[in-house]
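These are my notebook entries on one structure. I record below what I looked up, entry by entry.

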Amino acid sequence: MSGRSSYSPRKRLMVVGGVLAACCVVLVARAAHLQVISEEFYQQQGDARFLREVPIATSRGMITDRNGEPLAVSSPVESIWANPKELLVHPDRLPELAKALQIPLDVLTRRVSERADKEFVYLRRHLNPDVAEEITALGIPGVYSQREFRRFYPHGEVLAHVLGFTNIDDRGQEGLELAFNEWLTGQEGSQRVIRDRRGRIVENVDLVRAAEPGKDLVLSIDRRIQYLAYRELKAALIETGATSGSVVVLDVPTGEVLAMVNQPSYNPNSRVGADAEARRNRSVTDVVEPGSVMKTLTLAAGLEAGKFTPETLIPTAPGYMPLPGGYTVRDFRNYGTLTLAGILTKSSNVGAIKVSNELSADHQYDMYHRFGLGQRSGSGFPGELPGVLPLARRWGPTEKATISYGYGLSVTPLQLARAYAAIGNDGRIMTPTFVKGGAGEGEQVIDPAIARQLMDMLETVVGPEGTARRAAVTGYRVAGKTGTSRKADGGGYAAKRYAAVFVGLVPATNPRFAMAVVIHEPQGLEYGGGAVSAPVFHRVMDGALRLMDVPPDDIEKWYAAQEARARKKAPAPVRQEAP
Ligand code: 59J
């Protein structure tokens with residue numbers, strides 16, 4: 001044998017064959033792995049290029065008035081957004097895009113490049129669907145459109161304060177939109193879709209979660225009474241040069257809010273420039289010293305104490321009275337001796353103090369408290385104030401006297417309407433509600449017999465001898481009370497700034513409506529509650545009683561008035577000339 005290694009062609013063949021066989025096994029195994037075992041993985045990787053989970057927009061619930069009239073509705077709009085990563089691959093298309101979006105090119109470029117490492121940026125929101133369609137039709141990569149909803153308020157400033165508004169993301173910010181946000185908000189759905197390279201959806205793969213639209217909300221508001229109240233309050237402000245005002249109309253048996261308006265107001269569909277002054281729902285967020293409308297509650301305590309009847313005689317001469325603190329209370333005139341009812345008819349400050357002098361501070365306080373003063377009404381309206389009713393143990397003799405005729409405490413217009421509604425509701429106070437059918441049980445706060453005595457006394461205020469003759473409504477008996485108060489100013493009271501108040505109930509025999517009118521700083525020679533606010537009550541209630549088909553107290557007078565009205569409206573008869 002030679003020293004060289006043995007060489008065998010047979011061996012070499014075996015080695016080469018072995019290597020080839022091994023390669024085959026590897027290739028087959030790899031193919032099998034790819035096609036069988038890892039198939040799912042690669043399929044997913046492929047789909048992921050185009051498979052997306054996208055939200056399904058859903059609308060916010062509609063708000064309607066008590067008769068189903070829409071007050072706040074959501075309409076579909078489109079928002080254009082971009083994936084900056086995709087869009088920035090094609091910077092050449094930015095000018096075209098900026099033009100279509102109607103935004104300056106530099107603004108667009110900045111907005112997109114600031115988020116170059118993100119996958120989402122809004123370009124323009126809440127566009128008309130037609131306009132959005134034009135933009136997506138350009139086929140610019142990374143530019144997409146998304147369905148959203150925009151809130152619209154068909155009645156504009158008439159209902160602005162009650163409804164409030166939502167932000168651009170459809171979330172309630174103020175008013176009932178805020179209070180009932182959860183109820184109104186829907187739940188966005190989600191679905192998996194396949195998009196083509198231009199971002200168009202080519203296939204709905206599956207539904208991840210169905211969208212749930214928000215629930216509708218039926219308010220207690222009657223759109224027609226609301227409009228009447230709006231129109232008459234606005235007219236009164238223009239006529240008297242007053243700075244602001246509120247009107248609240250409650251349904252007496254239930255406490256449902258039928259109308260609530262304030263001036264100044266704003267257009268909720270375009271809030272630019274609407275300042276805080278115009279945006280407050282003053283009926284619940286602003287307080288006023290009630291002045292003479294308080295006297296009714298003081299007299300309620302007098303009757304309840306058993307120390308007075310409506311006929312009890314009370315001397316008020318000489319028409320003024322010094323208070324312990326050195327302040328002298330004055331009546332408008334010297335009314336001499338008045339009955340208890342006469343204190344309301346004429347609105348005697350001295351008379352109210354004479355009644356208060358026979359009562360304990362605790363009893364007086366308790367009566368005001370039972371009528372809801374110093375507490376939030378429970379309406380649930382965001383930002384509602386409780387007003388101020390100082391505790392009886394804090395009252396000195398001066399406070400006890402001034403509070404009895406309405407100074408040294410403060411109330412909201414809603415509280416005023418609510419307290420008087422309780423008088424008209426046989427002494428049962430209700431929790432005001434903005435939801436139709438949302439009334440609670442209420443609470444009996446005075447004996448029904450006393451409530452009826454108060455009603456009779458309040459009717460004299462609207463009678464021939466009273467301060468509120470202009471609140472009268474033909475065919476109906478009206479009960480109510482005026483107040484004219486000088487406005488607190490620094491430490492004292494302003495000489496020429498007044499709040500003119502009227503609170504009334506109609507029909508007095510079986511009250512349906514309670515309405516409070518508060519008007520701030522009327523400028524004319526006639527600035528009193530009887531001159532400025534009572535006529536607003538008259539006009540709104542005249543319309544509301546007709547709209548709601550409330551039967552009149554005095555059918556004869558009512559018919560006569562109907563006929564007179566018809567004659568006035570009918571065109572003058574055409575004179576026939578004899579041939
Ligand atoms: C008044 C007050 C201020 C506060 C007085 C109104 C007081 C008082 C200190 C003078 C105008 C005015 C605590 S008036 O509402 O008496 O509506 O039909 O503002 O009395 O003591 O130049 N009502 N109003 N008083 N203050 N402090 C009368 C009355 C009322 C009217 C008018 C005339 C006041 C006809 C009021 C009405 O009943």
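In which strand is His126 found? I was working with a predicted model throughout, and I located His126 in strand β4, which covers residues 121-127.

**Entry 1: backbone at His126.** I looked up the phi angle of His126 and found it positive, at about 55 degrees, although the residue is not a glycine. I noted this because most residues other than glycine have a negative phi.

**Entry 2: cis peptide bonds.** I then turned to the peptide bonds, most of which are trans in general. Ala317 and Pro318 are joined by a cis peptide bond with an omega of about 5 degrees. I placed Pro318 in the loop that runs between β11 (313-315) and β12 (320-322). I recorded a cis bond also from Val506 to Pro507, where omega is near -15 degrees. Pro507 belongs to the loop between β18 and β19, the latter spanning 513-520.

**Entry 3: the shell around the ligand.** How many residues surround the ligand? I noted 19 residues, the closest being Ser292, Ser347, Tyr405, Thr484 and Arg486. Sorted by class, the shell holds ten polar, seven nonpolar and two charged residues. I checked which strands contribute, and found that β17 (479-489) and β18 (492-506) each supply at least two residues of the shell. With five residues, β17 gives the most.

**Entry 4: side-chain atoms facing the ligand oxygens.** I looked up distances from oxygen atoms of the ligand to N or O atoms in side chains. For Ser347 the distance is 2.3 Å. For Asn349 I recorded 2.9 Å, and for Tyr527 the value is 3.4 Å. I then looked up the ligand's surface: taken alone, the ligand exposes 740 Å², and the protein buries 83% of that area.

**Entry 5: packing of two helices.** At what angle do α10 and α20 pack? I found an angle of about 155 degrees between helix α10 (residues 223-240) and helix α20 (residues 529-547), with their axes 9 Å apart.

How values were computed
Residues numbered from 1 in each chain as written. Predicted model: local features only at pLDDT ≥ 70, side-chain atom pairs only at ≥ 80, totals over all residues. Heavy atoms only, no water. Near = heavy atom within 4 Å. Polar contact = N/O pair within 3.5 Å; in protein donor to acceptor, adjacent residues only side chain to side chain. Areas by Shrake-Rupley, 256 points an atom, 1.4 Å probe, with all protein chains shown as cover. Helix = DSSP H or I, 4+ residues; strand = E, 2+ residues; numbered from the N terminus. Nonpolar A, V, L, I, M, F, W, Y, C, P; charged D, E, K, R; others polar. Axes fitted to C-alpha atoms, helices over the stretch in contact; angles between N-to-C directions.
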